[in-house]
Amino acid sequence: MHLAVSDVSHAYGASVQALADVSFTLRPGVTGLVGVNGAGKSTLMHVLAGLLAPGQGSVVFTDDSGGDVRRWRDLRSRIALMPQSFDVPRNVRTLDAVAYLTSLRGFPSPESTERAASALHAVGLADRSRKPIRSLSGGMLRRVAFAQAVASDPDVLLLDEPTTGLDPEQRVLVRELVRGRRDRGITLVSSHVMEDLEAVADQVVVLDGGELIFEGSMADLLVGHANAEEAFMALLLARREPS
Amino acid sequence: MSSETTRLWRDPRSLLGRFGLLLGAGLVALVLGGVPWLGVWKMAIDWVAGAYVLIGPLSAGLVAWDMSRMRATRWDRVVCSTPRGLRGWLEPALMVWVVGVAADLVLAVAVTIVTLSQGSVLAPRQLAILASGASVYLLQVALGALIGTRLPGPWAPPIAALVVLGLFVLGASSGLPEVFRTGGVTGTLVGQAYDLGTLALYCAFAIPAAVLVGWATLRVVTQWRPPLVAGLLAVVALVGSGFVVWGNPERYVYVPTALTCLGAEPTVCMAAETHRPLEAVAAELHRLAEPLVQAGATLPSRWTQSIGGQELPVDSGSLVFVNAGEGASDADSQAVLVSLVNPGGCPELRAQVPPPHALQVQRVLASWIEAQVGDRQPPPTSALGRWITTPAAEAWAVASFERLRTCQFKGLSAPPV
């Protein structure tokens with residue numbers, strides 16, 4: 001199953017065009033979403049997560065032949081978002097927060113609690129699951145955000161800047177977790193840390209100024225460049241050079 | 001593991017604490033102005049619905065506190081990305097609403113037990129006021145949520161509570177449509193029932209308004225289609241403007257009510273739903289009527305409770321109660337005295353402006369009766385005091401009573417003092 005994004009546009013007010021006719025297809029595996037600040041990455045994430053209605057265009061699930069399967073709206077329970085900034089009411093226990101969000105994705109208790117516990121275990125927070133959120137560090141909170149997104153084992157996992165604020169050890173852990181999703185549906189990882197994306201992504205989508213400027217495999221992006229960061233900068237320079 | 005896990009907004013300890021708090025607030029609202037409803041179930045249920053005067057503002061404050069905390073954490077963005085996002089975002093408010101309604105229902109059960117034990121009767125149609133009150137309470141809670149998502153944390157709870165209390169007060173004082181006054185009637189509602197159409201209108205305004213306000217608390221775009229929002233807005237605007245253009249619809253309608261009677265010569269009849277002090281009232285009426293009987297006056301065959309919308313039977317005095325005295329445990333002697341000098345149930349005396357000389361005659365006649373039974377004597381040095389014990393006064397009293405009984409106001413003459 002694929003997720004087809006077709007001619008999606010979104011504007012904030014009359015003057016800020018965050019996305020302009022963006023079209024691409026997300027395939028099973030890990031896709032990196034790349035762009036400088038303000039490129040439209042988070043807006044696209046929010047559109048895919050249902051937090052923003054696209055001004056125009058559509059997002060549909062398709063089968064392998066490209067035919068529409070169902071509209072995205074009908075498949076919301078199979079999409080999960082790890083937002084860029086994530087917090088929870090501070091007095092809530094970590095396990096409760098993750099279990100609650102899992103239940104909102106359609107899993108009844110006690111299954112939601114079991115899934116939450118398993119996800120917290122996977123991100124190395126099993127020993128903190130009974131602690132209130134306020135006792136967690138910023139890095140731990142990012143891992144809780146990851147855990148709540150993967151606890152429902154979604155078909156489409158949207159990770160918005162998952163490694164921001166993490167120390168090197170935690171970044172490696174998150175990379176491992178993302179790699180572990182490779183065979184479990186579609187994962188879209190937004191980041192401006194190219195090193196992270198190079199380590200996990202099979203496919204790459206590059207946005208600039210709200211427009212799609214590259215869609216292809218990581219291998220294609222790297223052709224002729226030493227690393228993903230250099231390749232990305234070359235793309236930007238090529239786009240911005242006067243013709 | 002699940003048994004150890006609280007469900008966020010459904011944490012039993014937290015819910016129980018809030019239930020106790022709201023129950024306490026409702027109880028205070030029920031007893032703060034005394035307990036005139038003690039013997040009248042109808043009035044008691046109306047006061048239970050009126051308990052939202054405190055439950056509502058307190059709930060709005062609690063919800064505003066919850067929502068302001070969540071807003072600060074961007075919880076809405078995560079929650080609203082889930083299929084059950086709107087429910088998840090509004091669940092704290094909905095749980096407070098559920099707890100508040102539960103507290104109000106417990107109060108309803110409690111006052112039902114108390115009033116029935118006092119001999120009152122049930123009128124199931126009156127229960128509709130609880131549904132109407134709960135719908136307005138939903139709007140109160142939604143307003144608390146909206147204020148909580150729009151104002152800084154420390155300010156949101158008190159402002160939400162004040163806004164909701166203000167709406168109730170303005171609704172009760174005709175500054176706003178009466179829909180915001182959930183209950184708290186001052187009379188006993190004897191012979192009356194709620195107009196179910198009016199209560200349905202209240203619900204038709206409050207529920208969509210609450211849903212719209214709840215929707216407005218979201219800072220992210222939801223998948224709601226514009227026609228749904230526009231439809232809700234249209235309903236709220238239509239019903240709301242109806243209140244403004246046509247005024248408050250009648251909340252009560254008159255309904256026939258059964259009487260229960262006691263004694264003879266005269267018989268005393270009260271509405272069965274408010275017959276609590278019947279024995280005491282009958283005894284007091286007989287006691288006060290004794291001087292008239294001794295003087296040879298003709299009493300009507302009965303005194304019947306004056307009930308709005310119902311004609312008094314022929315040859316019946318009008319039994320008048322004040323301050324919900326028909327639901328009290330004992331007879332109010334002054335109210336019985338006023339009833340005694342209304343032996344004809346004359347429509348002239350119930351007019352907006354009764355004949356002034358008739359009122360003066362009633363006052364002096366009441367003084368004569370009080371003096372005869374020894375309850376109160378006018379100062380002996382006053383003209384009235386010197387006159388009231390004379391045979392002439394007795395003859396005047398008998399003649400005046402007869403004219404009041406037969407509604408012959410033209411023949412009424414003021415006493416010669």
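## Salt-bridge tour

Start in chain A: select E176(A) and R179(A), whose side chains meet in a salt bridge, 2.4 Å from N to O. This is a predicted model. Both residues lie in helix α5 of chain A, three residues apart, so about one helical turn separates them. Colour by accessibility next. E176(A) has 43% relative accessibility and counts as partly exposed. R179(A), with a relative accessible area of 27%, is partly exposed too.

Now select D153(A) and R184(A). They form a salt bridge, with the closest N and O atoms 3.4 Å apart. This pair links distant parts of the chain, 31 residues apart. D153(A) sits in the loop between α4 (138-150) and β7 (156-160) of chain A. R184(A) is in the loop between α5 (168-179) and β8 (186-191) of chain A. D153(A) is partly exposed at 33% relative accessibility. R184(A) is partly exposed at 47%.

Stay in chain A for a network. Select R171(A), R175(A), E195(A) and D196(A): salt bridges link them.

Move to chain B. Select D66(B) and R18(B), a salt bridge whose closest N and O atoms are 2.8 Å apart. Here, too, the pair links distant parts of the chain, 48 residues apart. Show helix α3 (residues 52-72) of chain B to find D66(B), and helix α1 (residues 12-31) of chain B to find R18(B). Are these two residues buried or exposed? D66(B) is buried, and R18(B) is buried as well.

Finally, zoom out to the whole model. Over all chains, the structure holds 24 salt bridges.

Key:
Residues numbered from 1 in each chain as written. Chains lettered and ligands numbered in written order. Predicted model: local features only at pLDDT ≥ 70, side-chain atom pairs only at ≥ 80, totals over all residues. Heavy atoms only, no water. Salt bridge = Lys/Arg side-chain N within 4 Å of Asp/Glu carboxyl O. Helix = DSSP H or I, 4+ residues; strand = E, 2+ residues; numbered from the N terminus. Buried < 20%, exposed > 50% of the residue type's maximum accessible area, 1.4 Å probe, protein only.
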